[in-house]
Amino acid sequence: PPEEVEDASEPTKRDRSHLESTLKLNEDKPADDFSGVLQRLRKIYHASIKPLEQSYRYNELRQHEITDGEITSKPMVLFLGPWSVGKSSMINYLLGLDDTPYQLYTGAEPTTSEFTVIMHGPKLKTIEGIVMAADSARSFSPLEKFGQNFLEKLIGIEVPHKLLERVTFVDTPGIIENRKQQERGYPFNDVCQWFIDRADLIFVVFDPTKLDVGLELEMLFRQLKGRESQIRIILNKADSLATQELMRVYGALFWSLAPLINVTEPPRVYVSSFWPQEYHPDTHKDLFLKEEISLLEDLNQVIENRMENKIAFIRQHAIRVRIHALLVDRYLQTYKDKMTFFSDGELVFRDIVEDPDKFFIFKSILAKTNVSKFDLPNREAYKDFFGINPITSFKLLSQQCSYMGGCFLEKIEKAITRELPDLLGSIGLGKKPNVLSCDITGCGETPKNRYRKP
């Protein structure tokens, strides 16, 4: 009978069952409800970390404000890479958006010129960047600082998909070598950096036929410094090459990336074709499928650990805020000690800022417990910081106490050593014990006075 004849022009689609099982999409159980933990996390942040952060204007040292939207936001997966390597196709494939009106545009030319945020919503709809930035409940309001030109290049798509209840995808405009930043009309690198700083997983996607690593890509890897553990490299469209050719390309990719990622452990590279079409005949289908499943497991891991990662992130932020406060306090104390009735405040302070080591400012902070020398900000940063914020506009830590509210410093220390680790422990019940427990980090130690005679 004629009905059985398949239309030869329609490429056959692969089975998607491994997607559903690995990402647990068909499980009916509700996604873990962490709203109670999130409320406690917000409370700790607002009560114990933010007062010190604001009082010492930490935000001007590092442009990173933590908004409520960020505390409650879902993990974010960022897709980066040259143009036309299949970033958008991969998102379409993971979410099954192909052949729906909301599939992301794909094609041989550079098609994605926007930063596209794909998030969960009750029904399919598109949201303008200007609207996303205006909504403080979303975590995108800080993007406003990149200007209106950028907001026109930001777009949100809401999709009622089970995976998006637990994760948000961000598709970025492809990197086009020998293309000037100015042509984009907004600070492309700064925007990329903003997303990189907040991403829980970063997929850098390559196409085996376009492995030219140029300046833009080098710039991108410079921005990824320090985020190596979040990076996964994807050699996409792998079934378009014969095996021998694929091995060569794999070697070439490693060779060109080696100088850009100088870590002892090379990043994980996944070799597969992330799109719905059947793999080309006579290629390593089994390998590609295995690689795809490993990548999905990786993604699932990030989703499963999202709460731990968030608490650890806030705790890390608190540690930096505490060190910053201790430093400003120390600068101020030194200034007060050096000031006499006749001295010129400006000159006295300039002397301290120019050579803090002469006054043991940074050394004295290291004598305090739980401060690692690797966490100390650089001295130059404080020249700029005090250039904008005169030293006289700050109060000493010892004066930041109230009868009812206690002391700012004690509160943040309690958050770092007790409250946040306890919160972590409370989710760890029933899960494998988390690496961030206090026996490893020593976060529970009480500060010792190492100068007092026993």
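**Cavities, a helix pair and loop residues**

Modeller: In this predicted model, the second largest cavity is lined by Ile175, Phe188, Asn189, Glu216, Met219, Leu220 and Gln223.

Biologist: Which helix gives the most to the lining of the second largest cavity?

Modeller: Two helices, α8 (188-198) and α9 (215-223), each supply at least two residues of that lining. By class, the lining has 4 nonpolar, 2 polar and 1 charged residues. With 4 residues, the helix that gives the most is α9.

Biologist: What is the volume of the second largest cavity?

Modeller: The count comes to 2 cavities of 30 Å³ or more. The volume of the second largest cavity is about 30 Å³.

Biologist: Which helix gives the most to the lining of the largest cavity?

Modeller: About 40 Å³ of space lies in the largest cavity. Its lining consists of Tyr58, Leu61, Arg62, Arg320, Ile323, His324, Asp375 and Pro377. Both α3 (58-61) and α12 (306-338) supply at least two residues of this lining. With 3 residues, the helix that gives the most is α12.

Biologist: How many charged residues are in the lining of the largest cavity?

Modeller: Among the residues of this lining are Arg62, Arg320 and Asp375. The lining has 4 nonpolar residues and 1 polar residue, and its charged residues number 3.

Biologist: Are α13 and α15 roughly parallel or roughly antiparallel to each other?

Modeller: The axes of α13 (residues 345-354) and α15 (residues 379-388) come within 9 Å and cross at roughly 155 degrees. Angles over 145 degrees count as roughly antiparallel. The two helices, α13 and α15, are therefore roughly antiparallel.

Biologist: Which residues of α15 make the contact with α13?

Modeller: The contact of α13 with α15 has 4 nonpolar, no polar and 2 charged residues. On the α13 side, Phe349, Val353 and Glu354 take part. On the α15 side, the residues are Tyr382, Lys383 and Phe386.

Biologist: Is Ala199 buried or exposed?

Modeller: Ala199 is placed in the loop between α8 and β6 (201-206). The relative accessible area of Ala199 is 3%, and a residue under 20% counts as buried. Ala199 is therefore buried.

Biologist: Which residues does Ala199 touch, not counting residues up to four places away in sequence?

Modeller: Ala199 and Val170 are 29 residues apart in sequence, with a C-alpha to C-alpha distance of 9.1 Å. Once residues up to four places away in sequence are left out, those that Ala199 touches are Met76, Leu78, Arg227 and Gln230.

Biologist: What is the phi of Arg57?

Modeller: Most residues other than glycine have a negative phi. Arg57 is found in the loop between α2 (35-55) and α3, and counts as partly exposed at 27% relative accessibility. Its phi is positive, near 45 degrees.

Biologist: Where does Lys237 lie?

Modeller: Lys237 is a residue other than glycine with a positive phi, near 55 degrees. With a relative accessible area of 29%, Lys237 is partly exposed. Lys237 lies in the loop between β7 (231-235) and α10 (243-257).

Notes:
Residues are numbered from 1 along each chain as its sequence is written. This is a predicted model: local features need pLDDT of at least 70, side-chain atom pairs count only at pLDDT 80 or more; totals for chains, interfaces and linings use all residues. Side-chain values use heavy atoms; hydrogens and water are left out. Axes are lines fitted to C-alpha atoms, for helices over the stretch in contact, and angles run from 0 to 180 degrees between N-to-C directions. Angles under 35 degrees count as roughly parallel, over 145 as roughly antiparallel, 65 to 115 as roughly perpendicular and the rest as oblique. Contact means heavy atoms within 4.5 Å. Ala, Val, Leu, Ile, Met, Phe, Trp, Tyr, Cys and Pro count as nonpolar, Asp, Glu, Lys and Arg as charged, and the others, Gly among them, as polar. On a 1 Å grid over the protein atoms alone, a cavity is a set of points where a 1.4 Å probe fits but cannot get out, and a pocket is an open set with protein on both sides within 12 Å along at least five of seven lines; lining residues have an atom within 4 Å of a point. Grid points are joined across faces, edges and corners, and a volume is the space filled by probe spheres set on the points. Buried means under 20% relative accessible area, exposed over 50%, partly exposed in between (1.4 Å probe, protein chains only).
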